[in-house]
Amino acid sequence: MSYAFTDLSLQLHDIAASGLYRSRRVIDSPQGIHLKLEGRSILNFCSNDYLGLANHPEVISAFKSSVDQYGVGSGSAHLICGHSSAHHALEEALADFTGRDRALLFSTGYMANMGVISALLDKQDAVFEDRLNHASLLDGGLMSGARFKRYHHADIQHLNSHLNNAAGNKLIVTDGVFSMDGDFAPLADLSKVAKAHDAWLMVDDAHGFGVLGEKGAGLVECVGLSQADLPILMGTLGKGFGTFGAFIAGSDELIETLIQKARTYIFTTALPAAVADATSASLKRVIADNWRREHLKNLALRFRTGAEQLGFELVNPVSANTDVKDDMLSAIQPIVIGDSQRTVAISEHLLKAGYLVSAIRPPTVPKGSARLRVTFSALHQEQQVDQLLDALNTAINQTPLDAD
Ligand SMILES: *Cc1c(COP(=O)(O)O)cnc(C)c1O
């Protein structure tokens with residue numbers, strides 16, 4: 001339904017009436033497990049800074065000394081005069097880290113996804129997307145003009161049936177770790193299906209990078225997919241890496257094609273060089289600090305065990321057909337509540353008690369599956385997980401279904 005320009009206030013009213021109104025919280029502190037909000041210190045369980053690197057002293061000092069060297073603004077797009085040796089060094093480090101020929105930095109993950117999909121496809125082609133993919137992947141598919149098919153979440157059979165009827169170039173696109181569920185795409189099976197149909201596979205591992213794999217190279221490292229198995233790998237830098245930006249990794253020809261054709265690469269200002277240098281510092285911590293990944297997994301496991309005992313509805317960490325190891329867990333452990341208004345009421349109750357947990361509602365998640373998106377950081381302590389479980393138990397029990 002579309003509202004007239006003169007009816008925006010009616011629209012806002014309707015959004016609020018359905019429990020879907022969004023508003024921002026103003027934070028007065030660095031990112032971390034404690035945030036300062038309206039003069040209070042609250043415990044943060046909703047950030048994507050999974051490894052606790054956003055405020056790490058080495059990352060901060062790399063940023064500061066890079067500002068001394070390069071200044072703040074990058075001055076132009078990468079193709080004009082904005083591509084510094086800081087950007088270039090980070091791209092080489094990311095290519096090495098992911099085991100790909102090359103990597104290309106984008107200013108945001110949203111732009112990387114829009115840029116890649118629309119640079120590779122046009123209306124003769126077809127794109128296949130998991131229905132729970134991130135908005136930027138869906139938007140990239142729509143913007144490309146290719147025939148657009150969604151398949152049921154992690155459902156290889158359903159994907160196969162779409163592929164059987166397709167023509168032109170075929171691109172299969174999936175989140176690696178799903179952003180609102182925290183479960184894993186069946187990557188090995190997806191790669192096999194792609195090969196069987198001469199399709200390409202693209203994985204967006206925004207929530208796996210840094211968090212999963214021996215050296216933190218994400219779900220793709222765990223499953224062991226080479227560049228030949230997985231031609232297009234996308235990662236973001238604003239989550240596990242704690243900084244900002246994103247990259248695409250793949251073959252030399254892919255990267256050169258993007259430089260020529262990806263509009264969201266060509267027509268936008270390059271990231272500040274200092275962000276690239278800060279990210280290079282954070283990449284070193286990602287690789288070296290295995291304890292962050294280990295601890296994060298233990299926190300997620302402790303939470304799941306406690307939540308199951310309390311009878312909360314968790315999302316299964318392992319999708320059907322997947323081949324990942326049983327003990328793999330992501331940092332995202334949502335509790336499904338269902339009703340949007342009730343989810344918001346529980347989240348507000350938690351905030352009063354000093355815990356920040358975000359209520360995720362449609363259209364970010366399917367209707368009827370509103371949830372508390374609990375996320376962990378390597379900086380949390382086990383005892384804080386127990387405190388959260390207690391607070392959740394109280395908040396859920398004291399918030400009946402018809403709460404407003
Ligand atoms: C956050 C996210 C993005 C967007 O990345 P930004 O750098 O924040 O624009 C893309 N894909 C997924 C799966 C994400 O979770």
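Helices and strands here are DSSP runs, numbered from the N terminus, and the model in all of these close-ups is a predicted one.

**View 1. D198, a non-glycine residue with positive phi.** Look for D198 in the loop that runs between α8 (187-196) and β7 (200-204). Its phi is positive, about 55°, even though D198 is not a glycine. D198 has a relative accessible area of 71%, so it counts as exposed, the cut-off for that being over 50%.

**View 2. A154, another residue with positive phi that isn't glycine.** Here phi comes out at about 60°. A154 sits in the loop between β5 (147-151) and α7 (156-164). With a relative accessibility of 5%, A154 is buried, because that label goes to anything under 20%.

**View 3. A cis peptide bond between P362 and P363.** This close-up is about the bond leading from P362 to P363, where omega is near 5°. As for where P363 belongs, that's the loop between β12 (358-360) and β13 (370-373).

**View 4. Cysteines C81 and C222.** C81 is exposed, at 61% relative accessibility, while C222 is partly exposed, with a relative accessible area of 25%.

Methods. Residues are numbered from 1 along each chain as its sequence is written. This is a predicted model: local features need pLDDT of at least 70, side-chain atom pairs count only at pLDDT 80 or more; totals for chains, interfaces and linings use all residues. Side-chain values use heavy atoms; hydrogens and water are left out. Helices (H or I, at least four residues) and strands (E, at least two) are DSSP runs, numbered from the N terminus. Buried means under 20% relative accessible area, exposed over 50%, partly exposed in between (1.4 Å probe, protein chains only).
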